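User: Could you take a close look at the aromatic residues in this one and how they sit against the sheet? I'd like one connected walk-through.

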Amino acid sequence: MAADDEVSALAYTARRVRRHLRWARTEGIGRLIEEDRLNPVDRVGTALAKRRWRRRAGRTPGSAMPVYLVGLQRSGTNMLVRGLDAAAEVEVRNENDSALFHRFHLRPDPVLTAALHRSRHAYVLVKPLCESHRVDELLALPGLTPGRALWVYRDVDDRARSEVAKFGDANLRALRAIADGSIGRRWQGQRLDADTIELIRAHDPQLLDPHSGAALFWYVRNSLFFQLGLDRRADVLLCRYDSLVAEPAAQLRRLCAFLDFPYHPRLHAHIAPRASHGAAGDRRLPIDPRVRARCDELTDRLDRAAADARSETTKAVDSG
């Protein structure tokens, strides 16, 4: 399995075109336009609002707070990006920003620090999903304003369904490469300890279907939240996507309190509140039972950690 940074520009572009065509057929062209922010009216309007803010209240270069949005692909991070991008104080550097990313991979740290030093915004939102395993290192980069990180996770079934619909068996192929040792330096295999690699091998990815593979990959990547000790850090907030769509106003207030950021309803104006259906029986995929047990265990642990974080944020808001 060749990594994206190992294939030619032509092959890489052709792969992305095929992926977008498949996504447009299964989800509709409107969904594609919304997810990739392809509407030029929205993009121009946002850019003009940020330009006006810089002229009126721009900060001294080098004072912006970096905010790293991490977790796992297809976990609803674009929904948060769109909301925070509505705030003029926030400069958004998404994965399609070629100055900071190459084929969705973060460029070397000096490129990131230089971009942060140049910003005249109050916050710079960076979404290095492929580098989620490095978020502790990114938060420790020297010479920057102390940053924050948002780790987003989503119901395993909904995430696996979305992953396979857009990327096919990519997660499963990555797991097979980790298991047989051919993953090399690719991001999917970074910072995995010996126990995790053995766990992957024990579940024999060669025998898994794509949805079970996507679920096991969900387990491996979201386990890093605890393995890296992020649950014990005051500068990292665990965000549950299903809570965000169920109660957007409450969740955005919580996020704003964490960032010390002024809340405004426009931050969630694009989210229509809806009940989470991830746990419903008719939405559960036929995931391999061993993988399902692991994912259910981690879901409980993540949900408890997210609930504890909500409680601490509420206390901080009340005391403030």
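Analyst: Let's start with the rule for rings: those of Phe, Tyr and Trp (its six-membered ring) pair if their centres lie within 6.5 Å, with planes under 30 degrees apart called stacked, over 60 edge-to-face and the rest tilted. That rule gives four aromatic pairs here. One of them is Y123 with F261, an edge-to-face pair at 5.2 Å centre to centre and 75° between the planes. Y123 belongs to strand β5 and F261 to the loop between α12 (248-259) and α13 (289-319), so this pair ties together parts that are 138 residues apart in sequence.

A quick word on what you're looking at. This is a predicted model, where local features need pLDDT of at least 70 and side-chain atom pairs count only at pLDDT 80 or more, while totals for chains, interfaces and linings use all residues. Residues are numbered from 1 along each chain as its sequence is written, and side-chain values use heavy atoms, leaving out hydrogens and water.

Now the sheet that β5 belongs to. Five strands make an open, parallel sheet in the order β2-β5-β1-β6-β7, with β2 (90-93) and β7 (236-240) at the edges, each pairing on one side only. (Strands pair if DSSP finds at least two bridges between them; helices, H or I of at least four residues, and strands, E of at least two, are DSSP runs numbered from the N terminus.) Strand β5 (residues 123-126) runs parallel to β1 (residues 65-71) over four bridges, and V67 stands opposite L125 in β5.

Over on the β6 side, helix α10 (residues 210-227) lies across β6 (148-153) and β7, at about 140° to β6. Contact there means heavy atoms within 4.5 Å; axes are lines fitted to C-alpha atoms, for helices over the stretch in contact, and angles run from 0 to 180 degrees between N-to-C directions. W151, F225 and F226 form one aromatic cluster.

The charged end of R301 sits over the ring of F226, 3.9 Å from its centre, and that of R148 sits over the ring of F258, 6.0 Å from its centre. (The test: NZ of Lys or CZ of Arg within 6 Å of the ring centre and within 35 degrees of the ring normal.)
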